[in-house]
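I opened the coordinates and kept notes as I went. Here is what I looked up.

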Amino acid sequence: MSRPLSPGGLYAEIQAFYARQTRLLDRGRTDEWAATFTEDGVFEEVVKGERLEGREAIAASARKRADATAAEGVQRRHWFGMLEVDHEADGRLGATYYALVMSTPTGGGLAVYLSAEAHDVLVPHHDGWLVSHRSIRHDAAGPLESEAPWSSA
Amino acid sequence: MSRPLSPGGLYAEIQAFYARQTRLLDRGRTDEWAATFTEDGVFEEVVKGERLEGREAIAASARKRADATAAEGVQRRHWFGMLEVDHEADGRLGATYYALVMSTPTGGGLAVYLSAEAHDVLVPHHDGWLVSHRSIRHDAAGPLESEAPWSSA
Amino acid sequence: MSRPLSPGGLYAEIQAFYARQTRLLDRGRTDEWAATFTEDGVFEEVVKGERLEGREAIAASARKRADATAAEGVQRRHWFGMLEVDHEADGRLGATYYALVMSTPTGGGLAVYLSAEAHDVLVPHHDGWLVSHRSIRHDAAGPLESEAPWSSA
């Protein structure tokens, strides 16, 4: 959808962006998923202590995970919810949201196995957005101690 | 809510439509739920291999399931999320979303037991929408092999 | 975000309100969370039979729960979804939604343990909203018998 101007429109636009982006990942279309990050995009996960720098590294990591998941005959799903969107400098957006990760083996039962909180920096791109920085904090890391828990550094 | 014109408004409108529609089903108001489908609406579930044609058949199937659930003293909940809405021909909309199904027996614990992906075709109706075609693919069917997994045929 | 005028904007605004409000609770910032209720706000939970009257009582109850959760080293998450927003008299809004509650112990696994339906009455406050009445019905209370299940009285 083209970029609406109203806050309501913007909020819905970001919801739709995440739905499209995440569906690419859950379908194993990892290159298209990685293309929703900037060339110099950063993806970091607290707990795992993983920090990926650049679209290529993000794509390679996702590909590896997707291949393993496919080999197991498992369908993964990522749900994002409880979204907050804030305007930042230079037309960027800050998006904070909860994430759930679940998987279902072919012919098997659902396991909802991971809860996390995430923060993205989104930058305008054509009539949409790209993620320039994503920080994910797994709930297993324990209750937040600070208001800016997004750096794993 | 009346039909807004902005993409943001439309996206929110469809979210609200699904909230209202699904609440009808979860409350066992299956005739009202079925009335949110067109008279010739199609409801198909991959895996179960079920294909229902027409509002009456959709209502009868939902009634049967709701009665069984009520007899068990179970409260079911359907959550839809990760929504994408696309404009199709003739003013129709294509809506793709994830679905979670869960249940709680009276006095018992929650079980989140099913994850699926769904695609609806929505047609304008008065100041709202009706579902003319719904395809649901349970994750247990295994990872998607195609970009158009919506037909069980 | 400031209050938009379009239905779509309003719907998104309420989604964002709940995201912000709930994040405060999940971070243990219970006084700020309680400040999103009116001074004479009512918070009632069917099943638990708990009825809290007034912001102070709501804050005290939340503080007690948050301290216990923190002492256990557990991260709680509240997800709201399937939102319906209706206009009521005097500029108030009625919001009906589903709620999921989950927790993850530090270094442990996720447990999604509670499903509920909730109804709020929201009153305008500056350029946002406050909750004047919240009723939560746990699914373990059993299937709804009425269309107005919100009073525990």
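**Helix H3 of chain A**

I call a residue buried under 20% relative accessible area, exposed over 50%, and partly exposed in between (1.4 Å probe, protein chains only). Helices (H or I, at least four residues) and strands (E, at least two) are DSSP runs, numbered from the N terminus.

Then I listed the buried residues of H3(A): A:Ile58, A:Ala59, A:Ala62, A:Ala66 and A:Thr69. They cover an arc of only 90° around the axis, so they sit on the same side of H3(A). I took that arc from the directions from the helix axis to the C-beta atoms. An α-helix has 3.6 residues a turn, so residues three or four places apart point the same way.

Helix H3 of chain A has 17 residues (55-71) and should span 24 Å at 1.5 Å a residue; its end C-alpha atoms are 24 Å apart, which agrees. The expected span is 1.5 Å times one less than the number of residues. Just after H3(A), A:Gly73 takes a positive phi of about 65°.

**Ground rules**

I am working on a predicted model, where local features need pLDDT of at least 70, side-chain atom pairs count only at pLDDT 80 or more, and totals for chains, interfaces and linings use all residues. Residues are numbered from 1 along each chain as its sequence is written, chains are lettered from A and ligands numbered from 1 in the order in which they are written, and side-chain values use heavy atoms, with hydrogens and water left out.

**Chain A overall**

I counted 3 helices and 6 strands in chain A. From the N terminus on, their order is α-α-β-β-α-β-β-β-β. Of the 153 residues in chain A, 59% are buried. I then took contacts (heavy atoms within 4.5 Å). Among those in chain A between residues at least 6 apart in sequence, 50% join residues at least 24 apart.

**Chain A against chain B**

Here 31 residues of chain A are in contact with 29 residues of chain B. The two chains bury about 2500 Å² between them, with 60% of it on carbon and sulfur atoms. Buried area is the accessible area (1.4 Å probe) that two parts lose on being put together, summed over both. Which residues of chain A lose the most area to chain B? I found A:Arg23, A:Arg77 and A:Trp79, together 29% of what that side buries.

Next came the charged pairs. A salt bridge is a side-chain nitrogen of Lys or Arg within 4 Å of a carboxyl oxygen of Asp or Glu. I got 5 between chain A and chain B. One of them joins the side chains of A:Arg77 and B:Glu117 (3.5 Å, N to O). Helix H1 (7-26), strand S3 (74-87) and strand S4 (93-105) of chain A each supply at least two residues of the side that touches chain B. The largest share of that side, 11 residues, comes from H1(A).

**Chain C against chain A**

I repeated the search for chain C and chain A. There, 30 residues of chain C are in contact with 29 residues of chain A. The buried area is about 2400 Å², of which carbon and sulfur atoms give 60%. In chain C, C:Arg23, C:Arg77 and C:Trp79 lose the most area to chain A, together 29% of what that side buries.

The rule finds 5 salt bridges across this interface. The side chains of C:Arg23 and A:Glu84 form a salt bridge at 2.4 Å, N to O. On the side of chain C that touches chain A, the largest share, 11 residues, comes from H1(C).

**Two residues after strand S6**

I looked up C:Asp139, in the segment after strand S6 (128-138) of chain C. Its relative accessibility is 2%, so C:Asp139 counts as buried. A polar contact of 2.8 Å joins the side chains of C:Asp139 and B:Arg77. Such a contact is a pair of N or O atoms within 3.5 Å; within protein, one must be able to donate a hydrogen and the other to accept it, and residues adjacent in sequence count only if both atoms are side-chain atoms.

B:Gly142 is in the segment after strand S6 (128-138) of chain B. At 4% relative accessibility, B:Gly142 counts as buried. Not counting residues up to four places away in sequence, B:Gly142 touches A:Gln75, A:Thr106 and B:Arg137.
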